[in-house]
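Here is a friendly walk through a model that you can follow on screen. Please keep the viewer open while you read.

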Amino acid sequence: MNEYIATEQLIYLFDMAGVAVFAITGALAARGKKLDILGVVVLGIVTALGGGTIRDISLNDHPLIWVEDTAYLWTAIISSVSAFILCRYLAYPRRLMLLLDALGMALFAVLGAQKAIALGMPPVIAVMMAMITGCAGGMIRDILTGQIPLILQRNGELYATCAMLGAIVYIAFSGLVDGGLLMLVSIMVALVVRLASMYTGLELPEFVMKGHKLEPKDKVNRER
Amino acid sequence: MNEYIATEQLIYLFDMAGVAVFAITGALAARGKKLDILGVVVLGIVTALGGGTIRDISLNDHPLIWVEDTAYLWTAIISSVSAFILCRYLAYPRRLMLLLDALGMALFAVLGAQKAIALGMPPVIAVMMAMITGCAGGMIRDILTGQIPLILQRNGELYATCAMLGAIVYIAFSGLVDGGLLMLVSIMVALVVRLASMYTGLELPEFVMKGHKLEPKDKVNRER
Amino acid sequence: MNEYIATEQLIYLFDMAGVAVFAITGALAARGKKLDILGVVVLGIVTALGGGTIRDISLNDHPLIWVEDTAYLWTAIISSVSAFILCRYLAYPRRLMLLLDALGMALFAVLGAQKAIALGMPPVIAVMMAMITGCAGGMIRDILTGQIPLILQRNGELYATCAMLGAIVYIAFSGLVDGGLLMLVSIMVALVVRLASMYTGLELPEFVMKGHKLEPKDKVNRER
C-alpha cells in the first residue's frame, strides 16, 4: 500500500518536473522571435502540456490532467514567466537547455509508457504513447515558431530513439520490478543515451535517395 | 425563464457571428497563395471552427457543435465563398479585416470562458479555454499558410492578452450580473483593448536575451 | 449476412491499403530533409493515421482504430521502413508516388464518408469527414516537413475536390446500391478525376484579389 502511494507520488513529481522543464524550453524557443510575455507563456504551456494532451485524447482518458488538476497549468505558467525574467539577466544557457530538454523527454516518455501499460494497452501502443508524450510537445513548439521539428531535423543525433528505448526498457520489465525503481532506471536509460548521442555523435542510418551520396553531417536543416 | 432563453439565443447569435467573421479572415489569408476555391473554403472552415473544436475535445464535450448543428459548417462555407467572390471585385479591405479578426477573437474568447464556467471549471481553465477558442483557429490558419502565428509575432501588439482580459472580466463578474449583459460587456472589453492596441501601439514587455539590446518595433517576423 | 461480412472485409482491406500507401508517401516526403530511419517512420505513421485519428476524435468514436487494432500501426511502420530501404537502391519514383498518393486519398475519402454515414451523420458532415480522412494526414506531413500543405498549394490541380466528389457519389447512392460496389465506384470516381486533373491540368477558379491579374500557373509556392 505504502509502496503504491510512493509510486503515485513519484509519478506526480516526475510529471511536474517534466512540465516545468519543457515549459522552460518552450519559453526559450522564443529567442529571436520578438514575442511578448504572453506569447512566451503560450509557447511554454503548449510545449509542456501538448504531448500529454494528445496522448490522453488519443486514449480517450478524460478529464485531461491539466483540466482536472490546475497545478499543471500553474507550473507551466510560472516556469515560463521565470524563464522570461531570468533571460533578461543571464546569458542563454545552451548546454543547460539541451540537458533540460533531454530530461523532459526522458521523464515524459517513461510516464507515457507507464500510463498506456496501466490502461492495459499492448506494447506497440505503449511505445507510441511514450513517443507522443515525450516528443509531441516539442514538435508543436517547433511548428509554432516556424521550424522543422527538432526531432525530425536532428542531423543524425538520437532523440525520439531515446524516448523509444526508455519506453522499451519500462515495458520489458513492467510487472517484474518495483514500479518506482523501474521508472527511475528507464528514465536514466533514455537520458543517458540522449546525452551520449549529443556528446559522441551516435546516430541512426540516414534517409538517402539513390544517386545522392552520403555527405558528412552538415547544417542544411539546422540553420533554417 | 425568458431571460435564460434570451441568453441562449444571444450565445448562438454571437457564435454564428464569430464563425462568419473568422471564416472570412481565413478565406482572405489565401491572399497571394494561389489557392483555388476549395482551398479557400478549407482555410475558412478551419479558422472558424478550429478553436472551438480544440476546446470541446479538450473538455470532452461531445458531440462537437458543428457535428451536431450543421448550420455552423454552412455559415463557414457560405462566408468563405462570399469572401472568395467579393475579393475579385473589391480592394483588399485591410482595416475591415483587422476589425473582423478582433471582433471574432473577442466573441470567441468570451464564449469560450462562458462555456468553461457553465461546465463548472475553475477560473484558470476558463481563461485557457477563452484563449484556445479565441486564438487557436487563427493559429492553425497561419500555420497552414506557412506563417508564424499572428498572435506570436505581433511585434508587441496585444492579441491573446485581449482574449485573456475579456475572459477575466467575464469570470470575475459571472453570477453577479445578468449573463447576456455580462457577455456583451466582456466582448466590448476585449474588442476595445485590441483596437486601442492596434491604433496606439500599446504593448507588453518583450522577450529579450541578455546581451541583445531592445530594438524599436521592426519587421523581422512580419515579413516572412 | 455473407454480403455484410464481405463489405466489412473490403473496408478493412481498403483501409490497410490506404495506410500502406500513405505511409510510403510520408516516408518519401523525407527526401532531402536528412532524417534518420525513426524520423522517416514517424512521418510515415503520422501521414497514414493522422486523418483517420482526427476524424474519429471529432466523431468521438473511441477507441481509435490503431489503438484497438495494432495491425494498422504495424502496416504503417513496415511500409515506411520498406520505403526507407528501397529508396537507397531505386530512383525516386515520382509518377508512382503521385499515383499512390491519389489512391490513398480516394480510399480514405470514401471510407471517411462511409463511416460518417454509418454513424447516422448528415451529408455535409460526411463530406467533411471524407475530406478530413483523405487530406489531413498529408497536410500534417507537409507541415512537419516545413511546406505549405500540398492540397492548398496545388496551383490549380484538383485534390480535395476529388475527395469531395468521391464522397458525394458515395453519399448520393448510399442505401440504393450494394455497399461494396458503391465503395469501389466512388473510389474510382475520386481516383480518376484526380489522375485526369494531374494529366490534363483541370482546375477550379483561383483566388484573385482585385487589381492582381491572373497569371499562368507558376511556381511561387511550390519552390518553398
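The report below covers a helix pair, a surface patch and a loop. Keep in mind that this is a predicted model.

Helix H5 (residues 94-118) of chain A and helix H8 (residues 179-200) of chain A cross at roughly 145°, and their axes come within 9 Å. The crossing of H5(A) with H8(A) is right-handed. On the H5(A) side, the contact includes Leu98(A), Leu99(A), Ala102(A), Leu103(A) and Met105(A), along with Arg95(A) and Gln114(A). Among the partners in H8(A) are Met183(A), Ile187(A), Ala190(A), Leu191(A), Arg194(A) and Tyr199(A). Sorted by class, this contact of H5(A) with H8(A) has 16 nonpolar, two polar and two charged residues.

Now turn to chain C. There, helix H5 (residues 94-118) and helix H8 (residues 179-200) pack at an angle of about 145°, and the axes are 9 Å apart. H5(C) passes H8(C) in a right-handed crossing. Residues such as Ala106(C), Leu107(C), Val110(C) and Leu111(C) in H5(C) take part, and H8(C) brings Ser186(C), Leu195(C) and Met198(C), among others. The contact of H5(C) with H8(C) divides into 16 nonpolar, two polar and two charged residues.

**A nonpolar patch on chain B**

Which residues make the nonpolar surface patch of about 540 Å²? They are Phe173(B), Leu176(B), Val177(B), Leu181(B), Leu184(B) and Val185(B). Helix H8 (residues 179-200) of chain B gives the largest share of this patch, with three residues. Val185(B) is found in helix H8 of chain B.

Most residues other than glycine have a negative phi, and most peptide bonds are trans.

| Cis peptide bond | Omega |
|---|---|
| His62(A) to Pro63(A) | near -5° |
| His62(B) to Pro63(B) | about -5° |

Pro63(B) is in the loop between helix H2 (37-58) and helix H3 (65-68) of chain B.

The loop of chain A has another feature. Asn60(A), which sits between H2 and H3 of chain A, has a phi near 55°, a positive value in a residue other than glycine.

Key
Residues numbered from 1 in each chain as written. Chains lettered and ligands numbered in written order. Predicted model: local features only at pLDDT ≥ 70, side-chain atom pairs only at ≥ 80, totals over all residues. Heavy atoms only, no water. Axes fitted to C-alpha atoms, helices over the stretch in contact; angles between N-to-C directions. Helix = DSSP H or I, 4+ residues; strand = E, 2+ residues; numbered from the N terminus. Left-handed = near helix turned anticlockwise from the far one by under 90°. Contact = heavy atoms within 4.5 Å. Nonpolar A, V, L, I, M, F, W, Y, C, P; charged D, E, K, R; others polar. Patch = residues over 30% accessible without salt bridge, like charges linked within 9 Å, V, L, I, M, F, W, Y side chains within 5 Å. Areas by Shrake-Rupley, 256 points an atom, 1.4 Å probe, with all protein chains shown as cover. Salt bridge = Lys/Arg side-chain N within 4 Å of Asp/Glu carboxyl O.
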